[in-house]
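This report describes selected local features of one structure. The sequence and model are shown first.

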Amino acid sequence: MSEESAGCVLAVCRKAGGTVMKLVAWKKACVVAGLAVAAVGMSACSAQPGVAVSVGDVVYTQAQVEEGVRQYAEMMGKRPQADRLVQALPAWAVGIALGQSQGVALDDTQVREQLGVLKESNNIQAIPENPGKVVSDLVRYSYVQQQLAAVSQDSQKAAQLLDTFKDLQAHMPVSVNPRYGSVDMQTGNPIKPLFGDVVAADSLGATAMQQGQ
């Protein structure tokens with residue numbers, strides 16, 4: 001992973017400030033940063049049956065992603081694209097791990113409290129009855145950004161955070177289910193699945209052969 005790409009999440013943290021818990025801020029910061037980090041981190045476009053993406057020991061199943069799509073739509077009134085959501089998840093997982101390394105984390109009760117704050121401030125339309133892993137990690141990642149934004153104003157601390165982030169990313173390899181797209185190994189850009197979130201089996205075989213050359 002290049003230093004430029006590794007600094008992406010930290011740069012977002014430094015610039016975000018204020019109320020990062022706004023979902024608007026998440027859409028601009030988390031999704032864009034997530035795609036940038038995930039694009040570089042994805043090395044093997046394969047996953048175990050039922051798994052959407054794995055990031056080190058962190059696993060998001062297809063069922064959890066589908067639940068996340070539904071719950072996001074419930075919260076925001078707009079259904080997100082599953083492939084973009086999956087491609088953003090690696091940055092969330094690494095960002096959450098970065099927060100944990102600094103003692104910044106939310107348990108399930110605190111996640112619900114943060115969702116309550118968002119609802120009271122009219123940043124979301126509704127709170128899912130049982131927030132799933134995807135929505136919960138969205139809240140956790142946003143919280144980490146909020147808390148580390150102030151800390152990373154100090155250049156020495158920012159450099160330490162960057163080193164920690166790069167070390168975490170190096171030990172959290174990404175594997176994504178091809179039905180959610182892949183990555184152009186030359187440019188690092190995400191490649192959308194051929195038909196919605198379903199990729200033809202013969203096309204996957206051709207892609208695997210090309211990447212193996």
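D108, K133, D137 and R140 are linked in a network of salt bridges, a salt bridge being a side-chain nitrogen of Lys or Arg within 4 Å of a carboxyl oxygen of Asp or Glu. The model is predicted: local features need pLDDT of at least 70, side-chain atom pairs count only at pLDDT 80 or more, and totals for chains, interfaces and linings use all residues. Residues are numbered from 1 along each chain as its sequence is written, and side-chain values use heavy atoms, with hydrogens and water left out.

| Salt bridge | Distance |
|---|---|
| D108 and R140 | 2.7 Å |
| D137 and R140 | 3.2 Å |
| D137 and K133 | 3.7 Å |

D108 lies in helix α5 and R140 in helix α6, so their bridge ties together parts that are 32 residues apart in sequence. Helices (H or I, at least four residues) and strands (E, at least two) are DSSP runs, numbered from the N terminus. The other two pairs sit within α6: D137 and R140 are three residues apart, and D137 and K133 are four residues apart; each spacing is about one turn of the helix. An α-helix has 3.6 residues a turn, so residues three or four places apart point the same way.

Buried means under 20% relative accessible area, exposed over 50%, and partly exposed in between (1.4 Å probe, protein chains only). D108 is exposed, with a relative accessible area of 55%, and K133 is partly exposed at 28%. R140 is buried at 15%, and D137 is buried at 6%.

D137 belongs to helix α6, which covers residues 133–151. Its side chain also makes a polar contact of 2.7 Å with the side chain of Y60. A polar contact is a pair of N or O atoms within 3.5 Å; within protein, one must be able to donate a hydrogen and the other to accept it, and residues adjacent in sequence count only if both atoms are side-chain atoms. Beyond its neighbours within four places in sequence, D137 is in contact (heavy atoms within 4.5 Å) with Y60, W92 and I96.

Helix α5 spans residues 108–120 and has 13 residues. From first C-alpha to last, α5 reaches 19 Å, close to the 18 Å expected at 1.5 Å a residue; the expected span is 1.5 Å times one less than the number of residues. At the start of α5, a side-chain oxygen of D107 comes within 3.1 Å of the backbone nitrogen of T109. V111, Q114, L115, G116 and L118 of α5 are buried. Just after α5, N122 has a positive phi of about 65°.

Strands β2 (residues 51–55) and β3 (residues 58–61) run antiparallel and are joined by four bridges; two strands pair if DSSP finds at least two bridges between them. V55 is placed opposite V58 in β3. The two strands form a hairpin with two residues between them, and G56 in the turn has a positive phi of about 65°.

G68 is in helix α3 (residues 62–76) and is buried, at 4% relative accessibility. Leaving aside neighbours within four places in sequence, G68 contacts L85, V134 and V135. G68 and L85 are 17 residues apart along the chain, with their C-alpha atoms separated by 8.6 Å.
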